[in-house]
Amino acid sequence: MAIHESAENYLETILMLSQKKSEVRSIDIANELNFSKPSVSVAMKNLRQSGHIQVDRNGFITLTDAGYAIASTIYERHTILSKALMSLGVDEATAIRDACRIEHVISPESFQAIKEHFTVKAPDGGQLSERARTP
């Protein structure tokens with residue numbers, strides 16, 4: 001089931017916050033995104049109903065497997081695209097802003113090609129490092 005870009009952003013934010021702190025609440029998401037608490041509450045209700053998050057009795061939010069799959073995909077796209085743009089000489093703020101927009105619309109095929117281009121593979125097939133910028 002496809003979800004809207006805004007829902008992907010919420011899921012990505014929940015993932016990023018959960019990496020920084022052990023418990024994530026709606027207020028944390030509102031503060032991180034600079035959104036109103038009522039807007040975040042509506043979004044959390046929709047994500048709970050669609051099976052992408054769970055909210056416990058204390059208001060702590062966790063991603064379901066389905067929510068995590070989407071969040072980790074968007075986060076990987078964001079990370080690789082922003083680094084790729086910076087390696088091409090785009091300033092960090094612009095690269096991050098553009099990656100936030102591109103990550104939602106790029107096809108899996110195009111993203112995979114970018115990902116492969118900007119990473120160097122080890123002989124065993126594992127990832128060694130990001131490819132250095134060449135003149």
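Predicted model: local features only at pLDDT ≥ 70, side-chain atom pairs only at ≥ 80, totals over all residues.
If you want to click through the lining on your screens, go to Ser-6, Asn-9, Tyr-10, Glu-12, Thr-13 and Met-16, then Glu-32, Leu-33 and Phe-35, and finish with His-78, Ile-96 and Cys-100. Sort that lining by class and you get six nonpolar residues, four polar and two charged.

Now, a couple of individual residues. Ser-26 sits in helix 2. Is Ser-26 buried or exposed? Its relative accessibility is 13%, and the cut-off for buried is under 20%, so Ser-26 counts as buried. And what does Ser-26 touch, once you skip residues up to four places away in sequence? Lys-37, Val-40, Met-44 and Ile-61.

Next up, Ala-43, over in helix 3, which spans residues 37-49. Ala-43 has a relative accessible area of 12%, so this one is buried as well. Here's a pairing to look at on the model: Ala-43 and Tyr-10 are 33 residues apart in sequence, yet C-alpha to C-alpha they're 7.9 Å apart in space. And Tyr-10, remember, is one of the residues lining the largest pocket.

Definitions and conventions. Residues numbered from 1 in each chain as written. Heavy atoms only, no water. 1 Å grid on protein atoms, 1.4 Å probe; cavity = no way out; pocket = protein on both sides within 12 Å on 5 of 7 lines; lining within 4 Å. Nonpolar A, V, L, I, M, F, W, Y, C, P; charged D, E, K, R; others polar. Helix = DSSP H or I, 4+ residues; strand = E, 2+ residues; numbered from the N terminus. Buried < 20%, exposed > 50% of the residue type's maximum accessible area, 1.4 Å probe, protein only. Contact = heavy atoms within 4.5 Å.
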